[in-house]
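Dear colleague,

Please find below the structure that I am handing over to you. My findings follow directly after it.

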Amino acid sequence: MSTAEPRIRAAILTVSDKGARGDRADKSGPALAAWLGEHGVEIVATAIVADEQAAIAEQLRAWADSLAAELILSTGGTGVSPRDVTPEATSLIVERVIPGFAEAMRAASLAKTPRAILSRAVCGIRRRSLILNLPGSPSGAVENLEAVWPAVPHAISKLQGDPSECATG
């Protein structure tokens, strides 16, 4: 098994109508960037878009197709409000869904709040990028990323072509 962790470049997309209009400062994107920085991840791009399916899908697709980042995080738009369309946008552009990431995030969040059951986050792969939908609150976004982080470097290694076996024993 490969023991070297991959170099990880990340892009963070904040999905917020108010943030895109400049009516509210983005706190989730910077919280994720700080957490990732503490874990040796290079932030190569950030953006804020409105809760518009086409705009979300376009940005996720552009980052994945340009191979700009091995890890693409979205924050916001994963709930049940009428304008929450991040999962639909993500589903349009991922080539393979990885349900375990979203399931693990919901399970970890459910231990903290019963509202976690409302998350519709989608996680998957496009080209060589791992795409994770995270909640819009700064604490929820970071907590969800923490819940799945132990598997993220391995997933990225495999996406980048690591031929080693996944079994550990």
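Helix α4 (residues 86-93) lies across β1 (9-15), β3, β5 (123-126) and β6, and runs at about 165° to β6. Such angles are taken from 0 to 180 degrees between N-to-C directions, with axes fitted to C-alpha atoms, for helices over the stretch in contact. Helices (H or I, at least four residues) and strands (E, at least two) are DSSP runs numbered from the N terminus. Helix α6 (residues 138-148) also packs on the sheet, where α6 touches β3 and β6 and makes about 135° with the direction of β6.

The model is predicted: local features need pLDDT of at least 70 and side-chain atom pairs count only at pLDDT 80 or more, while totals for chains, interfaces and linings use all residues. Residues are numbered from 1 along each chain as its sequence is written, and side-chain values use heavy atoms, with hydrogens and water left out.

Within helix α4 sits Thr90. Thr90 has 0% relative accessibility and therefore counts as buried (under 20% relative accessible area, with a 1.4 Å probe and protein chains only). Beyond its neighbours within four places in sequence, Thr90 is in contact (heavy atoms within 4.5 Å) with Leu60, Val122, Ile131 and Asn133.

The sheet itself is open and has 6 strands in the order β2-β1-β3-β6-β5-β4, with mixed pairing. β2 (42-49) and β4 (96-97) stand at the edges with a single partner strand each, so one side of each has no neighbour in the sheet. Two strands pair if DSSP finds at least two bridges between them; β3 (residues 71-75) and β6 (residues 129-134) do so in the parallel sense over 5 bridges. In this pair, Leu73 stands opposite Leu132 of β6.

Helix α6 holds Asn144, which counts as buried because its relative accessibility is 6%. Asn144 and Met105 are 39 residues apart in sequence, yet their C-alpha atoms are 5.1 Å apart in space. Leaving aside neighbours within four places in sequence, the contacts of Asn144 are Met105, Arg106, Ser109, Leu134 and Pro135.

Which elements each supply at least two residues of the lining of the largest pocket? They are β1, α1 (17-21), α5 (99-110) and α6, and α6 gives the most, with 4 residues.

Yours sincerely

Notes: Buried < 20%, exposed > 50% of the residue type's maximum accessible area, 1.4 Å probe, protein only.
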